[in-house]
Amino acid sequence: MKGHIFKIHSDFYYANTTSGVFECKVREVLKKQKKEIFVGDYVELEGINENSKQAFICSISDRKNHIPKPKVANVDQVIIVSAIKEPALDFEQLNRYLCFCEYWGLEPILCFNKNDLKEDDELVNRINSIYKPLGYDIVYTSAIEKSGLEELEKKLKNKITVFCGLSGVGKSSLANALNPELNLKTKAVSQKTDRGTHTTRHCEIVELKLSNGKDSAKLVDTPGFSHLKFDFLMPAKISELFKEINALKKDCKFADCIHEHETGCAVIANKDKIAKTRYQSYLQFLQEAKEYKTKITYKGTKSETNEKTLHNKTIAKISHKKRQTSRRKETQNTFKEDYHE
């Protein structure tokens, strides 16, 4: 039976199937192969119990895409939710999300929520001047005043969409405003820290009934993530994640230029064409990549895998303790014992 994972909680995986929702566990062979299952994965089920609605996951279908944080697969788009105020707009975090979308090949949409809290249009004008020239789609919403929801619905229609953003920006509030029947948990931003708390504890795909009563959308409600780092890329790759820097770097004097302080760098020569917050984010992400390069240069990272390829198939390795001794080895050991006696 085919299933679509819509929720993961503890060690249980919940799959939608043609026969309803099944609570699933993972077969041991997948665990040995370290095959991680994401929300949004399409899986094959076996050991099905129709009465208790329980089953085992025995295989995972190929993914068209995935995101490691939050752990989601097979999505159509990512809506990056930021707050205009409460908490204050964090440009570096916004750029971090955008660059991760660029790296994973996902089309992002920028949603600026809590638009009712803006004191003037200066911040909105600044946002538009930075991100519209880069071709990013932008929508302004207010879950309280229910403004911008119609435009947001159009972008969600008949798609699987990930909502990502820091805690407290209003991801769950927006989902509730779009469909009050969801009743997702929300909590106010702390006045002491100006930060939100994690009201969403796990990833889950929820069904949205749109206001026209005909169409629907699937929304991946996720916890807030604030610790995304570029500690897995080489420094030269960071520029590819910034559209404006990537467009300028072709005119650099040296092919290995990292656009920091090199002579003949076209990016540095045209810094006035790059938003200050964008270039600052670039330098921060570049530093993280440099630390990664240093780490792998001076420290071995080789580790033994728990799987091997045999006859074009990937299979789990059996530990030495559990591996059965071959007949030839047993014969050799017996001969050695007889010889020593």
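Author: Helices, of at least four residues, and strands, of at least two, are DSSP runs numbered from the N terminus. The structure discussed here is a predicted model.

Reader: How many aromatic pairs does the structure hold?

Author: There are 10 aromatic pairs in the structure.

Reader: What makes Tyr-103 and Phe-232 a pair, and why is a geometric name given to it?

Author: Two rings pair if their centres lie within 6.5 Å, and planes over 60 degrees apart count as edge-to-face. The ring centres of Tyr-103 and Phe-232 are 5.2 Å apart and the planes stand at 70 degrees, so this pair is edge-to-face.

Reader: What does the pair of Tyr-103 and Phe-232 tie together?

Author: Tyr-103 belongs to helix 2 (residues 91-104), while Phe-232 is in the loop between strand 13 (216-221) and helix 6 (235-238), so the pair ties together parts that are 129 residues apart in sequence.

Reader: Why does Tyr-103 count as it does, by its relative accessibility?

Author: Under 20% is buried, over 50% is exposed, and what falls in between is partly exposed. Tyr-103 has 35% relative accessibility and therefore counts as partly exposed. Phe-232, at 29%, also counts as partly exposed.

Reader: What makes Phe-242 and Tyr-282 edge-to-face?

Author: Their ring centres are 5.6 Å apart and their planes are at 90 degrees, so the pair is edge-to-face. Phe-242 is in the loop between helix 6 and helix 7 (243-248), and Tyr-282 is in helix 9 (residues 276-298). The two are 40 residues apart, and the pair links distant parts of the chain. Phe-242 and Tyr-282 are both buried.

Reader: Which residues do ring pairs link into a cluster?

Author: The cluster consists of Phe-100, Tyr-103, Trp-104, Phe-230, Phe-232, Phe-242, Tyr-279, Tyr-282 and Phe-285.

Reader: Where does the charged end of Lys-243 sit?

Author: It sits over the ring of Tyr-136, 4.2 Å from the ring centre. Arg-27 likewise lies over a ring face, that of Phe-56, at 4.1 Å from the centre.

Reader: How many cavities of 30 Å³ or more does a search of the whole structure find?

Author: The search finds 1 cavity of that size. The largest cavity has a volume of about 90 Å³.

Reader: Which residues line the largest cavity?

Author: The lining is made up of Ile-67, Lys-69, Pro-70, Val-78, Tyr-97, Phe-100, Cys-101, Leu-106, Val-162, Cys-164 and Leu-228. Helix 2 and strand 11 (160-164) each give at least two residues to this lining. Helix 2 has the largest share, with 3 residues. By class, the lining has 10 nonpolar, no polar and 1 charged residues.

Reader: How do you know where the buried residues of helix 4 lie, seen down its axis?

Author: The buried residues of helix 4 (residues 149-156) are Leu-149, Leu-152, Glu-153, Lys-155 and Leu-156. Seen down the helix axis, they fall within an arc of 160 degrees, so they line one face of helix 4. An α-helix has 3.6 residues a turn, so residues three or four places apart point the same way. On the other side of helix 4, Glu-150 and Lys-154 are exposed.

Reader: Why does Glu-150 count as exposed?

Author: The cut-off for exposed is over 50%. Glu-150 has 60% relative accessibility and therefore counts as exposed. Its C-alpha atom is separated by 9.2 Å from that of Leu-210, 60 residues apart along the chain.

Reader: What is the phi of Lys-34?

Author: Phi of Lys-34 is near 55 degrees, a positive value in a residue other than glycine. Lys-34 lies in the loop between helix 1 (28-32) and strand 4 (42-49). Its relative accessible area is 63%, so Lys-34 is exposed.

Reader: Which form, cis or trans, does the peptide bond from Glu-86 to Pro-87 take?

Author: With omega near 0 degrees, that bond is cis. Pro-87 is in the loop between strand 8 (77-83) and helix 2.

How values were computed. Residues numbered from 1 in each chain as written. Predicted model: local features only at pLDDT ≥ 70, side-chain atom pairs only at ≥ 80, totals over all residues. Heavy atoms only, no water. Phe/Tyr/Trp six-rings, centres within 6.5 Å; stacked < 30°, edge-to-face > 60°. Buried < 20%, exposed > 50% of the residue type's maximum accessible area, 1.4 Å probe, protein only. Lys NZ or Arg CZ within 6 Å of the ring centre and 35° of its normal. 1 Å grid on protein atoms, 1.4 Å probe; cavity = no way out; pocket = protein on both sides within 12 Å on 5 of 7 lines; lining within 4 Å. Points joined across faces, edges and corners; volume = space filled by probe spheres on them. Nonpolar A, V, L, I, M, F, W, Y, C, P; charged D, E, K, R; others polar. Arc of directions from axis to C-beta.
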